[in-house]
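Visitor: I would like to learn how to read helix packing, pockets and cavities in a model. Could you take me through one case?

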Amino acid sequence: MNFAFTEEQDQLRDFVRSFLEEKSSEEEVRRLMDTDNGYDTAVWSQMAEQLGLQSLIIPEAHGGQGFGYVELIIVLEEMGRSLLCAPFFSSVVLAANTLIHSGDEAAMAAHLPGIASGETIATLALSEESGKWNADGIAMQASGGGDSWTLSGTKMYVLDGHIANLVLVAARTAAGVSVFAVEGDAAGMARVNLSTMDQTRKQARLTFDNTPATLIGTDGGGWDILERVLDLAAVGLAAEQVGGAQMCLDMAVDYAKVRVQFGRPIGSFQAIKHKCADMLLEVESAKSAAYYAGWAASEMNDELPSVASLAKAYCSEAYFHAAAENIQIHGGIGFTWEHPAHLYFKRAKSSELLFGDPTYHRELLAQRIGI
């Protein structure tokens, strides 16, 4: 089986990279980090109207382009490389996937066209105070029935929850875990920006007090949807981590070539050679894991649950190690606020914990393959 990218997929990568190099420079990333919204509305519109990125995996019947997950991981890898500050992951990887896999035609028709056009910024509110990413961590209660539901409780670590005008919420009913849609201006919902180590990806705490909501899918059938979406999110995040890890490797190697100590480039010293070689091995291995997981996601085959956890665990550690070694190779300058190395280090640590750390995913992998 050939896992090489097609010519069209390579062109997509080149196109997205060119766009992000212009629109998501280090200076722009630093500027957006200090804003409350955390993204540029003009760039967000360009992504939707000129590149069609928000509509990439959304079915054509709902205003999308109907591409597969392989194309999405290419885009996510490039976004990770440039530390794009935008609500793309929350809107497309989390919210759109939840709607697509819910099987709820009415909900898809109502919300997917807005996500595809960039008009709707959406997110998924899953984790709570416990910080768990499994069904046991969902304690929020939903009351009501039929077309009349209300939610009460708190959701934590909601990506772009402070700006989303559509929030998909996991809550419990008498039938079990269910998914609900809440409009951004719904009564009883309050948002608070969280102070995070990684300022390039905004998170929020959302509180609900008898907030009106609409059931997505079937009552009690939410966890089957969410479990699949979490696997798809793990694959998407792994691709993003690969992009960041490759950038750290490139930065370290470029610096090792030009930084001179004792009359020689530091890249000629054995210790630096070993660091760069180890980083290269881990980054290439991470690519293999992420790309295979992306293929499994595009096929939606039986391997997806296991390879999603494998990719998330390995890519998390590879990215964090690459980011840390990049700082070490840069030496003193790498520890300063002025150098971009710390931006990747913080994103690496944040991504390592998002959707479960490597230990959690290795345990999940062991359970899924029957060890």
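## Pockets, helix pairs and cavities

Guide: By class, the lining of the second largest pocket has eight nonpolar, three polar and four charged residues. The model is predicted. The second largest pocket holds about 240 Å³ of space. Of the 15 residues that line this pocket, Ser-24, Ser-25, Glu-26, Met-247 and Tyr-344 are the closest to its centre.

Visitor: Which helices each supply at least two residues of the lining of the second largest pocket?

Guide: Helix H1 (7-23), helix H2 (26-33), helix H4 (69-82), H7 and H10 do. H1 has the largest share of that lining, with three residues.

Visitor: What is the volume of the largest pocket, and which residues are the closest to its centre?

Guide: The volume of the largest pocket is about 280 Å³. It is lined by 13 residues, and the closest to the centre are Tyr-157, Thr-196, Gln-203, Ser-350 and Leu-353. Helix H10 (residues 341-353) gives the most to this lining, namely three residues. The classes in the lining are six nonpolar, five polar and two charged.

Visitor: Now the helix pairs. At what angle do H7 and H8 pack?

Guide: An angle over 145 degrees counts as roughly antiparallel. Helix H7 (residues 222-258) and helix H8 (residues 270-299) pack at about 155°, and their axes are 9 Å apart. H7 is therefore roughly antiparallel to H8. Their crossing is left-handed.

Visitor: Which residues make the contact of H7 with H8?

Guide: From H7 they include Leu-232, Val-235, Ala-238, Ala-239 and Val-242. From H8 they include Ile-272, Cys-276, Met-279, Leu-280 and Val-283. Among the others are Gln-246 of H7 and Glu-284, Lys-287 and Gly-294 of H8. By class, this contact has 20 nonpolar, two polar and two charged residues.

Visitor: How do H1 and H3 pack, and is their crossing left-handed or right-handed?

Guide: The same cut-off of 145 degrees is used here. H1 and helix H3 (residues 41-51) pack at an angle of about 160°, with 12 Å between their axes. This makes H1 roughly antiparallel to H3. The crossing of H1 and H3 is right-handed. In the contact, Phe-15, Val-16, Phe-19 and Lys-23 of H1 meet Val-43, Gln-46, Met-47 and Leu-51 of H3. That contact has six nonpolar residues, one polar and one charged.

Visitor: How many cavities of 30 Å³ or more are there?

Guide: A cavity is a space where a 1.4 Å probe fits but cannot get out, whereas a pocket is open. The count is three cavities of 30 Å³ or more. The largest cavity has about 170 Å³ of space. Its lining has 18 residues, with Leu-84, Ala-86, Phe-88, Phe-89 and Arg-201 nearest the centre. H4 and helix H5 (88-102) are the elements that give two or more residues to this lining, and the largest share, three residues, comes from H5. The lining of the largest cavity divides into nine nonpolar, four polar and five charged residues.

Visitor: What lines the second largest cavity?

Guide: The second largest cavity has about 70 Å³ of space. Of its 13 lining residues, Leu-94, Leu-124, Trp-133, Tyr-157 and Phe-355 are the closest to the centre. Strand E1 (122-125) and strand E3 (148-159) each supply at least two residues, and E3 gives the most, with four. By class, the lining of the second largest cavity has 12 nonpolar residues, one polar and no charged ones.

Note on methods
Residues are numbered from 1 along each chain as its sequence is written. This is a predicted model: local features need pLDDT of at least 70, side-chain atom pairs count only at pLDDT 80 or more; totals for chains, interfaces and linings use all residues. Side-chain values use heavy atoms; hydrogens and water are left out. Axes are lines fitted to C-alpha atoms, for helices over the stretch in contact, and angles run from 0 to 180 degrees between N-to-C directions. Angles under 35 degrees count as roughly parallel, over 145 as roughly antiparallel, 65 to 115 as roughly perpendicular and the rest as oblique. A crossing is left-handed if the near helix is turned anticlockwise from the far one by less than a right angle, and right-handed if clockwise. Contact means heavy atoms within 4.5 Å. Ala, Val, Leu, Ile, Met, Phe, Trp, Tyr, Cys and Pro count as nonpolar, Asp, Glu, Lys and Arg as charged, and the others, Gly among them, as polar. On a 1 Å grid over the protein atoms alone, a cavity is a set of points where a 1.4 Å probe fits but cannot get out, and a pocket is an open set with protein on both sides within 12 Å along at least five of seven lines; lining residues have an atom within 4 Å of a point. Grid points are joined across faces, edges and corners, and a volume is the space filled by probe spheres set on the points.
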